[in-house]
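Here is a friendly walk through a two-chain model, written for reading beside the structure. Have the viewer open and follow along.

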Amino acid sequence: MIVGKQKPLEEIWDLVKGYGKILVFGCNTCVAVCHEGGNKEAEILGSLLRMKAKHKEVNIDIKDGGIERQCEHEYFEKAAGDIEGADAVLSIACGAGVQFLGEKFPHKPVLPGLNTTFIGVVDAPGEFSERCAMCGDCILHLTGGICPITRCSKSIMNGPCGGCNQGSCEISSDVPCGWYLIYERLKGQGRLELIHAYIPAKNWVTSRDGGPRKQVREDMKQEKQTAEG
Amino acid sequence: MSELKSGSNLEKVLKAGHFALTGECGPPKGANVEHLREKAAHLVGVVDCVNVTDNQTAVVRMSSWAASLILLQMGIEPNFQMVCRDRNRLAMMADILGVSAHGIRNMLCLSGDHQKFGNHPDSKNVHDLDSMQLIHLVRTMRDDGKFPNGEEIDEKPKLFIGAAENPFAEPYEWRVHRLAKKIAAGAEFIQTQCIYNMDRFREFMKRAVDMGLHEKCYILAGVTPMKTLGMARYMAKSVPGMDVPASLIKRLEGAGKGKVAEEGIQFALEQIEEFKAMEGIAGIHLMAIEWEHKVPEIAERADLLPRPKV
């Protein structure tokens, strides 16, 4: 899932303080799981900002709300009135949600209240860590199900480098060396031959380096046309 | 391993069967050419080639190719280092062609320390290719005369291809296999990480020899004499991939005030004596960090002078 982290309150305050009417707007899917950007968090953030406004003696009308997903058309309908009624919307969705809201209401200033951090997993309650860098060309079958692009600080394809230190990455003893994990996993599975082979240079076209990415399901597109037709 | 690929002095020395000695010189943190010339001057005629580091420990310095060129003008053969951290494959290929055009004939392909260690930790790292793929790139350009996209290169670069290996990083048992991968990718000489843990290094070399790797590439043992106790402790604690045994620190502590540097050199000389006799070792890579003026003395005392003329 997409993991995010709310910006510090002071930074958010600087974003909103110049507006008369603000809508704090949550997204109740991915970023709700990490308790940072859901509708409940929008409610809490709204209260904090109201207290801040009172304390600073600034007159801002702060409402809160949210929808199931800010990255799909269908959920916006019921919130359109609240959005139109605000001078600006502080969205605590991921970066995709913030932008999609902005596209749907192009005359409305949209402010990001959350930093999108990574695609990751829930290690334990309240603990999240990165797993996928969305390179667009998965090689997990070659690396024991552990991603070297994400888990290696240098994204190297033929590791581990000389900086592996007692199983940790050279950048910190708190960061496991991704390639050490790959080695141990494959060794345990008796499949080290997979990394004896040279892994050639990666084609980064499928990653961000190929420009903004888009994908189309032709079958679904046709179904839609048929339904409309 | 006999046909000359680059015509570099280092390649000739090694292929003639001599025990090689390479040095190292870090470019200045500025455009101070005189300082670089002064440091490098100590190495003239004392080593077979001099490694010119590429933003080592991710600290910005004069570029490796530019400093290599200055050395070349001084009559010193450079070993141009390139890390994968700071360049994408386009810049890599451009610099490979550029250094070859200027007569640089050795190149060492490295991953590069993470930028976190350097003076611009907020920078973006590249790692378009890794060090293995960089080795493969240089070999493809030199031997096949082609860019990776298959286009012909009008005049191929002439470079003796080097790589590093660190026998002291986990998983230990994998290191010799990674060395084998580098050789298969195109590495013709290897300069190891600074060696202090001799037991571990003996074990590494035994495995390398058992696999016949020393017959497929020249392995140069990395030696860095300890200047001070502070340096030894810093290397033990803070330098990635370094294995400094407590016994060595104890030995340096026991040397007494004002005698640590000599003890450090003594340890290095003992190492060199052992490496000369060690199966599979083709030479020494002497990295006297900011201690270039000591290299002639160390080389003399290690009985590595005069250097062969080939």
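## A loop residue to start with

Met134(A) counts as partly exposed because it has 13 C-beta neighbours inside 10 Å. The cut-offs behind that word are these: a residue is buried if 20 or more other C-beta atoms lie within 10 Å of its own, exposed if 12 or fewer, and partly exposed in between, with C-beta atoms placed from the backbone. Met134(A) sits in the loop between S7 and H6 of chain A. Although Met134(A) is not a glycine, its phi is positive, at about 55°.

A word on the source: this is a predicted model, in which local features need pLDDT of at least 70 and side-chain atom pairs count only at pLDDT 80 or more, while totals for chains, interfaces and linings use all residues. Residues are numbered from 1 along each chain as its sequence is written, and chains are lettered from A and ligands numbered from 1 in the order in which they are written. As for the element names, helices (H or I, at least four residues) and strands (E, at least two) are DSSP runs, numbered from the N terminus.

His127(B), which is not a glycine, has a positive phi near 50°. Is His127(B) buried or exposed? His127(B) counts as buried, because 24 C-beta neighbours lie inside 10 Å. Its place is the loop between strand S4 (106-110) and helix H5 (131-144) of chain B.

Strands count as paired if DSSP finds at least two bridges between them. In general, strands of a sheet pair through backbone hydrogen bonds, either parallel or antiparallel.

One open sheet of chain A has four strands in the order S3-S2-S4-S5, with parallel pairing. Its edges are strand S3 (61-67) and strand S5 (110-112), each pairing on one side only. From one strand to the next, the twist averages 25°; such angles run from 0 to 180 degrees between N-to-C directions, and the axes are lines fitted to C-alpha atoms, for helices over the stretch in contact. Strand S2 (residues 21-27) of chain A pairs with S3(A) in the parallel sense over seven bridges. Within that pair, Val24(A) has Asp64(A) in S3(A) as its bridge partner. H3(A) packs on this sheet, where it touches S2 and S3 of chain A, and its direction makes about 175° with that of S3(A). Here a contact means that the C-beta atoms of two residues, placed from the backbone, lie within 7 Å.

Another open sheet has three strands in the order S1-S6-S7 of chain A, with antiparallel pairing. At its edges are strand S1 (2-6) and strand S7 (127-132), each pairing on one side only. The twist here averages 70° from one strand to the next. Strand S6 (residues 114-124) of chain A and S7(A) pair in the antiparallel sense over five bridges, and Ala124(A) stands opposite Glu127(A) in S7(A).

## A residue of helix H3

Lys52(A) belongs to helix H3 (residues 39-56) of chain A. Because Lys52(A) has 18 C-beta neighbours inside 10 Å, it counts as partly exposed. Leaving aside residues up to four places away in sequence, Lys52(A) touches Leu9(A) and Trp13(A). Lys52(A) and Glu10(A) are 42 residues apart in sequence, and their C-alpha atoms are 9.4 Å apart in space.

| Bond | Omega |
|---|---|
| Gly159(A)–Pro160(A) | about -5° |
| Glu170(B)–Pro171(B) | about -10° |

Pro160(A) lies in the loop between helix H6 (148-151) and strand S8 (168-169) of chain A. Pro171(B) lies in the loop between strand S5 (160-165) and helix H6 (172-185) of chain B.

Chain A is divided into domain 1 (2-118) and domain 2 (136-210), with bounds that come from an automatic or database domain assignment. The C-alpha centres of these two domains lie 37 Å apart.

Chain B has 11 helices and eight strands. Of its 310 residues, 51% count as buried. The C-alpha atoms of chain B fill a box of roughly 60 × 45 × 40 Å, taken along the principal axes.

Finally, the contact between the chains takes 23 residues from chain A and 25 residues from chain B.
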